[in-house]
Amino acid sequence: MDKTKAHITISDLTMAYGDFVVMRDLNFTINRSDIFIIMGGSGCGKSTLMRHMVGLKSPAKGKVLYGDVSFWDADPEEKDHLKRRFGILYQSGALWSSMTLEENVALPLSQNTTLSENEIRAQVGLKLSLVGLSGFEGFYPSEISGGMRKRAGLARAMALDPEVLFFDEPSAGLDPLSAKRLDELILQLRDSLGATVVIVTHELASIFAIGSNSVFLDPETRTMLAAGDPNTLLRENHDPRIQTFLRRGETGETQVTDSKADAGHPKPDNFRT
Amino acid sequence: MDAAAIHLSRLPGEILAIQLTGKWQLGQKVPSADNVRDELRNRPTVKSIVFNTDALSFWDSSILTFLVEIMKLAVKEGISFEKDGLPSGVQQLIDLATAVPKKEDASKSVVHEPFFSKVGSETIHFINSAGELIAFIGETFVAFGRMINGKARFLTSDLWQLIQETGAQAVPIVSLISFLVGLILAFVGILQLGLFGAQVYVADLVSIAMVRQMGAIMTGIIMAGRTGAAYAAQLGTMQVNEEIDALETLAIPPMEFLVLPRMLALTLMMPFLAVYADLMGILGGALVAGLYNISLTVYLNRVIAALNLYHLFIGLFMSFVFGVLVSLSGCLRGMQCGRSASEVGDAATSAVVTGIVAIIVATAVITIICNILGI
């Protein structure tokens with residue numbers, strides 16, 4: 001029962017920059033251990049939605065609920081408490097450029113826990129080895145490649161053993177193989193840590209491979225069109241805008257079987273083996 | 001080399017045939033669509049346009065701009081545009097170029113804003129930015145209060161690093177500038193005082209000017225250009241790179257982690273640098289005095305006689321105020337920075353300008369207050 005308990009609830013959320021409304025009337029639920037995909041075309045406000053969920057931008061209207069706690073109505077202490085349970089991988093990694101990888105991963109631990117220096121060092125070593133970066137402790141972010149920076153960002157996001165992991169365009173700027181390996185890593189981490197994962201992406205391969213739930217944002221109507229398992233959406237939702245997006249512009253019944261076999265739209269089972 | 005050319009001819013049935021010949025290449029002279037326009041204007045009965053490219057030896061984008069122009073003309077006049085005679089590559093590119101109609105509302109129109117509306121929006125902007133400044137100062141105070149309570153979260157190693165960068169590493173430039181300022185003051189002074197035979201009082205002039213005002217002001221301006229700009233650029237780049245977001249979402253307040261150590265470092269180092277600048281300035285004055293046959297002993301005796309603790313304290317107080325102002329403007333502009341490379345540049349520029357203006361205004365205010373108090 002606990003598995004399907006609502007973890008994050010977006011209730012009646014309207015996002016705006018000044019007078020400019022980005023998205024209105026968003027309502028959806030993210031369950032515990034979901035891999036939740038926020039998808040939609042470029043510039044539709046996917047990242048903005050994530051910024052609302054992690055406490056970087058306050059909503060024009062509506063609520064973001066973690067369990068029963070409304071994030072934006074909570075007092076600062078409680079907000080900080082909630083924030084410590086997030087892990088966020090930013091689009092570019094957002095590693096602190098003046099610090100080594102070890103210091104980057106260690107900072108959340110030293111600032112938010114009472115662990116001793118040795119314990120922290122052990123944690124940092126573990127987290128870096130989980131993302132395959134053992135031995136790079138002393139490197140600065142500018143000295144490693146973009147893909148490594150992403151993985152180091154993931155190690156930092158996992159530093160506090162978060163309950164919710166947020167990913168902003170995890171596969172952006174990665175080659176297809178690295179992107180796939182990152183997807184696999186996300187799945188493994190979800191399974192072993194039991195964390196809820198929220199991913200902002202428009203990468204179809206990832207959406208179908210790892211997504212267990214999703215919301216589709218439409219820039220034209222400025223609201224969400226559908227929510228649910230992306231594979232179910234592909235089969236059962238007949239909204240042409242969603243179909244066009246999920247099928248990479250190829251609409252029509254005849255192409256259903258074709259596109260499923262297409263490498264760009266692998267079945268989830270292929271990936272999970 | 002055969003030059004690009006067009007030949008217009010009429011075919012039966014009100015058809016205009018355009019023969020394209022030669023080598024159409026960007027940068028070379030190619031025919032313009034005006035000829036065709038004139039032709040169409042002279043013979044408004046034309047129903048369709050066809051092309052013949054048998055003698056066309058080479059083409060690139062130049063032929064496309066020409067053809068798209070004619071196509072627009074044809075659409076406007078309701079003439080049919082037959083692409084069949086064109087090379088297939090050209091046909092495909094024309095199709096691509098005309099596939100998506102021009103989005104009329106996408107191009108940014110320049111709206112001419114009336115004068116009063118401009119004044120109004122500038123005023124609102126000014127009030128808003130003043131509000132932001134006050135909020136920032138408030139947040140700084142909160143962060144400072146938390147530091148006094150021992151609750152502020154920053155790395156001591158960061159603070160030492162910043163102290164080194166703002167203090168020790170600024171010594172060479174501060175030495176050079178303040179030595180030269182002392183030298184200039186002495187030159188100007190010694191010539192004027194010489195008219196009254198009071199050359200020896202150049203020591204009074206240089207020492208009081210340096211200790212009371214110039215040492216602090218010159219250090220302030222150097223640090224605005226050096227450290228204020230660096231702060232704004234560092235924080236601005238961190239903003240662009242989402243590094244500040246990353247701090248915030250880890251419940252590490254950037255005001256405490258980034259702004260507080262920067263402000264502390266500069267505010268602590270400024271008085272030290274200012275005193276050092278005073279000494280260098282007085283030394284510069286001594287050099288000039290030496291050139292005019294005033295012995296070092298006499299010069300130093302006059303300096304000691306002229307200076308009192310008020311001068312020193314006023315100078316120190318000013319340098320402390322400048323330290324706050326310069327680091328505040330650097331951090332403020334950095335934290336306000338937008339998310340592009342050019343905005344980092346703007347932030348650095350704005351930090352220096354804000355810092356220098358603040359220094360000059362503060363000097364004026366402090367000088368007036370000292371004058372009223374008679375110190």
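In chain B, helix α2 is followed by B:Gly78, whose phi is positive, near 75°. The model described here is predicted.

### Helix α2 of chain B and its neighbour

Helix α2(B) covers residues 61-77. Its 17 residues reach 24 Å from the first C-alpha to the last. That is close to the 24 Å expected at 1.5 Å a residue.

Which residues of α2(B) are buried? They are B:Ser62, B:Ile63, B:Leu64, B:Phe66, B:Leu67, B:Ile70, B:Met71, B:Leu73 and B:Ala74.

Helix α1 of chain B (residues 34-42) packs its axis within 10 Å of the α2(B) axis, and the two cross at roughly 20°. Since angles under 35 degrees count as roughly parallel, α1(B) is roughly parallel to α2(B). The crossing of α1(B) past α2(B) is right-handed.

B:Gln164 sits in helix α5 of chain B, residues 156-166. B:Gln164 and B:Phe66 are 98 residues apart in sequence. In space their C-alpha atoms are 64 Å apart. Is B:Gln164 buried or partly exposed? Its relative accessibility is 43%, so B:Gln164 counts as partly exposed.

Helix α11 of chain B runs over residues 309-336. How does its span agree with its 28 residues? At 1.5 Å a residue, α11(B) should span 40 Å, and its end C-alpha atoms are 40 Å apart, so the two values agree.

The N-terminal end of α11(B) is capped by B:Asn308. A side-chain oxygen of B:Asn308 lies 2.9 Å from the backbone nitrogen of B:Tyr310.

Helix α7 of chain B spans residues 202-240. The axes of α7(B) and α11(B) come within 7 Å. They cross at roughly 15°, and α7(B) and α11(B) are therefore roughly parallel to each other. This crossing is right-handed.

### Helices α3 and α5 of chain A

Chain A has a helix pair to set beside these. Helix α3(A), residues 101-112, and α5(A) have axes that come within 8 Å and cross at roughly 25°. That angle makes α3(A) roughly parallel to α5(A). The crossing of α3(A) and α5(A) is right-handed.

| Helix pair | Axes come within | Crossing angle |
|---|---|---|
| α3(A) and α5(A) | 8 Å | roughly 25° |
| α7(B) and α11(B) | 7 Å | roughly 15° |
| α1(B) and α2(B) | 10 Å | roughly 20° |

### Positive phi in two loops of chain A

A:Ser33 is not a glycine, yet its phi is positive, near 70°. A:Ser33 is in the loop between β2 (20-31) and β3 (35-40) of chain A. Its relative accessibility is 16%, so A:Ser33 counts as buried; the limit for buried is under 20%.

A:Asp161 is another non-glycine residue with a positive phi, about 50°. Where is A:Asp161 found? It is in the loop between α5 (146-157) and β7 (164-168) of chain A. At 47% relative accessibility, A:Asp161 counts as partly exposed.

Strand β7 of chain A holds A:Phe166. A:Phe166 has 0% relative accessibility and so counts as buried. A:Phe166 and A:Val54 are 112 residues apart in sequence. Their C-alpha atoms are 8.3 Å apart in space.

In chain B, B:Leu20 lies in strand β2, residues 15-23. B:Leu20 likewise counts as buried, at 0% relative accessibility. B:Leu20 and B:Thr237 are 217 residues apart in sequence. From C-alpha to C-alpha, the two are 54 Å apart in space.

### Cysteines

How many disulfides are there over all chains? The count is zero. B:Cys337 is in no disulfide. The nearest cysteine sulfur to that of B:Cys337 belongs to B:Cys331 and is 13 Å away.

B:Cys337 is buried, with a relative accessible area of 8%. In chain A, A:Cys44 is buried too, at 2%.

Conventions. Residues are numbered from 1 along each chain as its sequence is written. Chains are lettered from A and ligands numbered from 1 in the order in which they are written. This is a predicted model: local features need pLDDT of at least 70, side-chain atom pairs count only at pLDDT 80 or more; totals for chains, interfaces and linings use all residues. Side-chain values use heavy atoms; hydrogens and water are left out. Helices (H or I, at least four residues) and strands (E, at least two) are DSSP runs, numbered from the N terminus. Buried means under 20% relative accessible area, exposed over 50%, partly exposed in between (1.4 Å probe, protein chains only). The expected span of a helix is 1.5 Å times one less than its number of residues. A polar contact is a pair of N or O atoms within 3.5 Å; within protein, one must be able to donate a hydrogen and the other to accept it, and residues adjacent in sequence count only if both atoms are side-chain atoms. A disulfide is a pair of cysteine sulfur atoms within 2.5 Å. Axes are lines fitted to C-alpha atoms, for helices over the stretch in contact, and angles run from 0 to 180 degrees between N-to-C directions. Angles under 35 degrees count as roughly parallel, over 145 as roughly antiparallel, 65 to 115 as roughly perpendicular and the rest as oblique. A crossing is left-handed if the near helix is turned anticlockwise from the far one by less than a right angle, and right-handed if clockwise.
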